[in-house]
Amino acid sequence: MTTPAPELPKHYLERCAVCGEPTKNRCSACFQAGMPLFFCSAEHQNLVWPEHKSICGKNARSPYAPPLTPESAASFLRVSTQLVEFTSHVKLECAEIWQALLGEYLPPANSPQEMLVNALPWLSKPQRSVKQEIALDVALALTYRGEVARKALIDEQTLPFNTLDPWHHVKFLEIQLGTVLPEGIDGGGLSVETSRFRHHALILVSLLRRKANDPSTIPLGCIHGAFELLVNSANDAIVFDFSRDGQKAQKLVEALLRPVKNFVPIRCEWEFAPDESKVLRVKCSTP
Ligand SMILES: [Zn+2]
Ligand SMILES: [Zn+2]
């Protein structure tokens with residue numbers, strides 16, 4: 001767990017993904033799979049293991065979420081007739097989006113809604129081709145965008161971290177990231193560059209879930225540290241230009257912070273690292 005890491009990209013922070021403390025200890029399974037993820041102690045690694053295991057090790061590089069739980073899959077049925085922006089010019093019902101993107105892989109159906117019903121058992125199968133995975137991920141992203149946006153609006157952006165599937169929140173954070181990517185979430189946002197972001201998002205969400213269930217279990221400092229690492233991981237997907245991208249950085253930090261600060265006291269200051277202008281550094285504290 002302590003072999004020196006020779007080739008880490010410059011912007012990576014060698015800090016615990018859970019508490020943010022400097023450490024050289026990596027998750028060895030993730031590291032072998034090419035994903036540099038650090039944990040200061042077995043205690044902190046174990047704290048998020050129930051969720052982290054789903055993308056640890058050989059799955060580390062996968063840019064795709066694991067299969068949905070039956071509960072998550074069923075939530076799509078509830079939103080199947082709601083309208084979502086499909087492209088910048090076209091709005092479709094969620095079920096129509098699924099039909100357009102995944103219809104060729106699923107049994108024939110008489111309506112988009114029926115197709116979505118057919119898709120539910122397929123969602124729980126982990127074996128899919130890369131092409132199918134991409135189509136599924138886009139379908140999920142679009143559907144979540146609609147569903148979560150609506151929920152966020154209704155609840156004034158207070159999504160309960162302990163009542164929805166963790167991947168729901170990870171997807172929501174990815175969508176926040178996607179809002180500042182030039183290609184948006186549908187294109188570049190789903191590339192392998194978001195894999196590390198997804199790892200850190202899942203860790204942050206795991207901690208917020210624990211804290212929502214029992215506030216005494218997770219120190220505030222851990223949420224702050226995990227959030228700093230999440231923002232740092234966005235540097236994999238976004239190249240900032242120090243001289244021009246102040247607004248972009250501000251927008252990203254605000255978008256990621258919004259769902260978090262409804263649940264925990266958190267203030268966040270950011271700057272471009274002075275020695276490496278493309279790197280966004282954040283420092284969280286209690287307001
Ligand atoms: Zn730690
Ligand atoms: Zn791991």
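**View 1. Burial and overall make-up of the chain in the predicted model.** Of the 287 residues of the chain, 39% count as buried, and the model shown here is a predicted one. The chain is built from 11 helices and four strands. Among the contacts in the chain with a separation of 6 or more, 62% are accounted for by residues 24 or more positions apart.

**View 2. Helix α5 and its buried residues.** Helix α5 spans residues 94-102, and because seven of its nine residues are buried, the helix is largely enclosed by the rest of the structure. The buried residues of α5 are C94, A95, E96, I97, W98, Q99 and L102.

**View 3. The packing of helix α9 against helix α10.** Two packed helices are described by the angle between their axes and the distance between the axes. The axes of helix α9, covering residues 194-213, and helix α10, covering residues 220-233, come within 8 Å and cross at roughly 160°. Since angles over 145 degrees count as roughly antiparallel, this crossing makes α9 roughly antiparallel to α10. The crossing of the two helices, α9 and α10, is left-handed. On the α9 side, the contact is formed by R196, F197, H200, A201, I203, L204, L207, L208 and K211, which meet C222, I223, A226, F227, L229, L230 and S233 of α10. Sorted by class, the contact of α9 with α10 comprises 12 nonpolar, two polar and two charged residues.

View 4. A201, which lies in helix α9, counts as buried because it has 27 C-beta neighbours inside 10 Å, where 20 or more are required. When residues up to four places away in sequence are not counted, A201 touches V170, L173, E174 and L230, and L230 is also among the α10 residues that α9 meets. A201 and L256, although 55 residues apart in sequence, are 9.8 Å apart in space, C-alpha to C-alpha.

**View 5. Confidence along the chain.** The chain averages a pLDDT of 78, with 74% of the residues scoring at least 70. Within the chain, confidence is highest in helix α2, residues 42-47, at a mean of 96, and lowest in helix α7, residues 130-154, at a mean of 64. Over residues 152-156 the pLDDT stays under 50, and for this stretch the model has two contacts beyond four places in sequence. The pLDDT is also below 50 over residues 184-190, a stretch that has 21 contacts in the model beyond near neighbours in sequence.

Technical notes. Residues numbered from 1 in each chain as written. Chains lettered and ligands numbered in written order. Predicted model: local features only at pLDDT ≥ 70, side-chain atom pairs only at ≥ 80, totals over all residues. Axes fitted to C-alpha atoms, helices over the stretch in contact; angles between N-to-C directions. Parallel < 35°, antiparallel > 145°, perpendicular 65-115°, else oblique. Left-handed = near helix turned anticlockwise from the far one by under 90°. Contact = placed C-beta atoms within 7 Å. Nonpolar A, V, L, I, M, F, W, Y, C, P; charged D, E, K, R; others polar. Buried ≥ 20, exposed ≤ 12 C-beta atoms within 10 Å, placed from the backbone. pLDDT = per-residue confidence, 0-100.
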